[in-house]
Amino acid sequence: MTIAVFLLSLLGAMAIGIPIAFSLLLCGVALMWHLDMFDAQILAQNLINGADSFPLLAVPFFMLAGEIMNTGGLSKRIVDLALTLVGHVRGGLGYVAIVAACVLSALSGSAVADAAALSALLIPMMVAAGHDKARSGGLIAAAGVIGPIIPPSIGFVIFGVAANLSISKLFLAGIFPGILIAGALWTTWWWLVRKEHIVPPPRRSRGEVWLAFRQAGWALMLPLIILVGLRFGVFTPTEAAVVAAVYSLFVAVVIYRELKPSQIYGVFVTAARTTGVVMFLVAAALVSAWLITVADLPGKVVTLLEPFIGSPMLLMVMIMLLVIVVGTAMDMTPTILILTPVLMPVVKAAGIDPIYFGVLFIINNSIGLVTPPVGTVLNVVAGVARIRMDDVIRGVWPFMLAEFAMMFLMVAFPALVIWPARLLYG
């Protein structure tokens, strides 16, 4: 009955158009009524406590860093560097998008920010070169998915807080899987464009490549600083977010000089608005998470999934399929916040490595950003590049299927995630 109250109240509120954050609060109220413990003061206290978390400070600073990078020229120089390296091969602009997405993901940790930057910079170039606009938009959308996987990642921060896991370990564990996802996109793009007769631009000279490296050098230093700092314990993930924001602001204003002092206020306001939406969502979700624990909902889910607990791989397949279905209708952040407190006890009961599960869970939620009909990144690419939503969906299918195939390959062979992760964090 408790599970029915939880699902009906949450899905019912969303079905009638109530925003997800308020739907989560209504779900919490419904659970309190069901448990005969309704108290508005408890509701308010848990709402405030939900956002009162030091690790969650990483979210606004990473969002600010992403805004600064897109406005201050860091993203543009990363794309220019990728163009000099692989822009001359057949289908080179697609490979540029994939390489740039990997580097940008190590700067901002936001799929939306990366997809917006790549759409604005690369889709006009790809269309002018003769590539299909829908396929180009689909590739950019799928490449944006890498943003929450390769660290720093806002998704890992939120999951780490909700699951009470080491965010530093999650960050380091996401590096190799992110590269594998990029490899899947690379192979798919190669297969799709192998018969195209588009003449690529000439190979850049060594001098041009060196110049691009020099211009992008300051931007490339940031992921190195963050990863080395996290690996050797110089700073926490929250402090890494502050370092990213301050460093990108310094480079954009002082070194590249593309971010004018008059623009700084607007960048801060944009980042604050986005942060406000996310943090209210987090606070509302943690109210429901507290009530989920009080109602022993995880225990009831463990009982339901008990037939699968004896086979960790089969359990992981079932969970991944569940998240795929949820991802078609719900954005990444609420999915993480709603499902994490329910699924973590099941995962631990089955003896699955929580860090391994966290990486696969975030990968699945990230791919959900391009899963129609809701796909947030699809909407971003369609809006920025002025492509019909139907065309973006048509173009993203082969890349999305390649990403899901790679994800299930990691489910079948957990060592692809576990071994590189343990090698990095010890």
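This is a predicted model: local features need pLDDT of at least 70, side-chain atom pairs count only at pLDDT 80 or more; totals for chains, interfaces and linings use all residues.

The largest nonpolar core holds 143 residues. Val-59, Phe-159, Phe-357, Leu-360 and Val-370 have the most contacts inside it. Which helix gives the most to this core? Helix α21, residues 389–412, with 11 residues.

Take Phe-159 from that list. Leave out its neighbours within four places in sequence.

Now a helix pair. Packed helices are described by the angle between their axes and the distance between the axes. Here, α4 covers residues 58–72, and α9 covers residues 154–163. Their angle is about 175°, and the axes are 10 Å apart. Angles over 145 degrees count as roughly antiparallel, so α4 is roughly antiparallel to α9. On the α4 side, the contact is made by Ala-58, Val-59, Phe-62 and Met-63. On the α9 side, it is Ile-154, Val-157 and Ile-158. By class, that contact has 7 nonpolar residues, no polar ones and no charged ones.

Stay on α4 for Phe-61. Is Phe-61 buried, exposed or partly exposed? Partly exposed, because its relative accessibility is 29%. Apart from residues up to four places away in sequence, Phe-61 touches Ala-241, Val-242 and Ala-245. Phe-61 and Ala-271 are 210 residues apart along the chain, yet their C-alpha atoms are separated by 8.5 Å.

Contrast that with Met-32, in helix α2, residues 20–34. Met-32 is at 0% relative accessibility, so it counts as buried. Met-32 and Val-199 are 167 residues apart in sequence and 64 Å apart in space, C-alpha to C-alpha.

Two helix lengths next. Helix α11, residues 175–193, has 19 residues. At 1.5 Å a residue they should span 27 Å, and the end C-alpha atoms are 27 Å apart, which agrees. Its buried residues include Ile-175, Leu-180, Ile-181, Leu-185, Trp-189 and Val-193. Pro-177 and Gly-178 are among them too.

Helix α17 covers residues 312–327, 16 residues in total. From first C-alpha to last, α17 reaches 22 Å, close to the 22 Å expected. Which residues of α17 are buried? Leu-315, Met-316, Ile-319, Met-320, Val-323, Ile-324 and Gly-327. Look at the spacing in that list. An α-helix has 3.6 residues a turn, so residues three or four places apart point the same way. The cover over the buried residues of α17 includes α16, α18, α19 and α21.

Last, some backbone details. The peptide bond from Pro-151 to Pro-152 is cis, with omega near 0°. Pro-152 sits in the loop between α8 and α9.

Where do we find positive phi in residues other than glycine? Arg-257 is one case, with phi near 60°. Arg-257 is in the loop between α13 and α14. Its relative accessibility is 61%, so Arg-257 counts as exposed. Arg-386 is another case, with phi near 55°. Arg-386 lies in the loop between α20 and α21. At 75% relative accessibility, Arg-386 also counts as exposed.

That's the tour. Comments, please.

Definitions and conventions:
Residues are numbered from 1 along each chain as its sequence is written. Side-chain values use heavy atoms; hydrogens and water are left out. Axes are lines fitted to C-alpha atoms, for helices over the stretch in contact, and angles run from 0 to 180 degrees between N-to-C directions. Helices (H or I, at least four residues) and strands (E, at least two) are DSSP runs, numbered from the N terminus. Angles under 35 degrees count as roughly parallel, over 145 as roughly antiparallel, 65 to 115 as roughly perpendicular and the rest as oblique. Contact means heavy atoms within 4.5 Å. Ala, Val, Leu, Ile, Met, Phe, Trp, Tyr, Cys and Pro count as nonpolar, Asp, Glu, Lys and Arg as charged, and the others, Gly among them, as polar. A nonpolar core is a set of buried Ala, Val, Leu, Ile, Met, Phe, Trp, Tyr and Cys residues joined through side-chain atoms within 4.5 Å. Buried means under 20% relative accessible area, exposed over 50%, partly exposed in between (1.4 Å probe, protein chains only). The expected span of a helix is 1.5 Å times one less than its number of residues.
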